[in-house]
Amino acid sequence: MLSLEHVVKQMGSVRAIDDLSLDVPEGMLFGLLGPNGAGKTTLLRLVMGLLRADSGRITLFGRLPPTDPAVPRLLGYMPQQLAVYPGLSVVENIAFYGHLYGIAGAELRRRTERLLEMVELTPRRKSPVGQLSGGMVRRVMLATTMVHQPRLLILDEPTAGVDPLLRLKFWEWFGDLRAKGTSIIVTTHHISEASRCHRVVFLRAGRVLEQGPPGELMARYGSADLEAAFVAATRGAESNSAAGVQ
Ligand SMILES: Nc1ncnc2c1ncn2[C@@H]1O[C@H](COP(=O)(O)OP(=O)(O)OP(=O)(O)O)[C@@H](O)[C@H]1O
Ligand SMILES: [Mg+2]
């Protein structure tokens, strides 16, 4: 579904993506994990064609994201920063994104009802989004991301600032969506929750440090928890680079 080959992207003085190669098959819940500044958001923006790589090649559904106009319709993107209209109600926000994709009338109403049910916001449908809690706003964002029924959801820190119980809900929704055929690429700082992914990548300084199914990575580092495996992999890479190992 997604393939990156030797991708390089310089952002200001930083090589945010440094000769990165990666393959993501369709139908997966795929986790992109790494510390602040690892390059997660930059990578997602490259994949969506919002940024252009300095070198290397990215293909998505066999197409080239920056130039192919068919790509955006296949994608739903939930950015890391808030992307809703606080003065509009929950329903109006969903409708706004629906209209962008040419969805209107009875079809829009039908999809909106289903999305409201999924994110459990039916009772708050008429509330201005500016009056909702942070967790509710994240749920509205997820709903707006899906109104055009994308084949691939790209979620950048969807659970940032979300309480533990709602985080569990988010991961249940991701699992349900995936089971119904939507591929998902998700970044998160809550590394343990990513153990629900089929496959994860540990990213550091724009490079792939490790990748594999969470269970395999935990076994490789003798860790009972994905976060511990992540810390061990990062420390290992740091001591290798201090010792001059490539
Ligand atoms: N517009 C920009 N101009 C200059 N440097 C940038 C820009 N955007 C990102 N960077 C740099 O690129 C690197 C990767 O940033 P990026 O936002 O991709 O990291 P991230 O993994 O998403 O981090 P976080 O977990 O904090 O969201 C960082 O060093 C960042 O400072
Ligand atoms: Mg980011």
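**Strands, helices and the ligand shell**

Strand β8 (residues 199–204) is mostly covered, with 5 of its 6 residues buried; a residue counts as buried if 20 or more other C-beta atoms lie within 10 Å of its own, as exposed if 12 or fewer do, and as partly exposed in between, with C-beta atoms placed from the backbone. Helices (H or I, at least four residues) and strands (E, at least two) are DSSP runs, numbered from the N terminus. The structure is a predicted model, in which local features need pLDDT of at least 70 and side-chain atom pairs count only at pLDDT 80 or more, while totals for chains, interfaces and linings use all residues. Residues are numbered from 1 along each chain as its sequence is written, and chains are lettered from A and ligands numbered from 1 in the order in which they are written.

Two strands pair with β8, where pairing requires that DSSP finds at least two bridges between the strands. β3 runs parallel to β8 over 4 bridges, and here L33 stands opposite F202. Strand β9 (residues 207–212) pairs with β8 in the antiparallel sense over 5 bridges, with L203 opposite V208. The hairpin of β8 and β9 has 2 residues between the strands. One point to look at is A205, in the loop between β8 and β9, whose phi is near 50°, a positive value in a residue other than glycine. Most residues other than glycine have a negative phi. A205 counts as partly exposed because 17 C-beta neighbours lie inside 10 Å.

A positive phi is also found at H6, again near 50° and in a residue other than glycine. H6 lies in strand β1 (residues 2–11), and H6 is exposed, with 12 other C-beta atoms within 10 Å.

Helix α6 (residues 164–179) has 16 residues and reaches 23 Å from its first C-alpha to its last, close to the expected 22 Å; the expected span is 1.5 Å times one less than the number of residues. F170, W171 and F174 are buried in α6. Seen down the axis of α6, the buried residues fall within an arc of 95°, so they line one face of the helix; the arc is that of the directions from the helix axis to the C-beta atoms. Cover for these buried residues includes β3 (29–33) and β7 (183–187), with contact meaning that the C-beta atoms of two residues, placed from the backbone, lie within 7 Å. On the other side of α6, L165, E172, D176 and A179 are exposed. G181 follows α6 and has a positive phi near 110°.

In helix α3 (residues 90–100), the buried residues are V90, V91, N93, I94, A95, Y97 and G98, and they pack against α4 and α5 (134–146). After α3 comes G102, with a positive phi near 75°. Helix α4 (residues 105–118) contains G105, which is exposed, with 8 other C-beta atoms within 10 Å.

Turning to the ligand, 13 residues surround ligand 1, the closest being M11, G12, A16, T41 and T42; a residue is near a molecule if its C-beta atom, placed from the backbone, lies within 6 Å of it. β2 (14–24) and α1 (40–47) are the elements that give two or more residues to this shell, and α1 provides the largest share, 3 residues. By class, the shell has 4 nonpolar, 8 polar and 1 charged residues, where Ala, Val, Leu, Ile, Met, Phe, Trp, Tyr, Cys and Pro count as nonpolar, Asp, Glu, Lys and Arg as charged, and the others, Gly among them, as polar.
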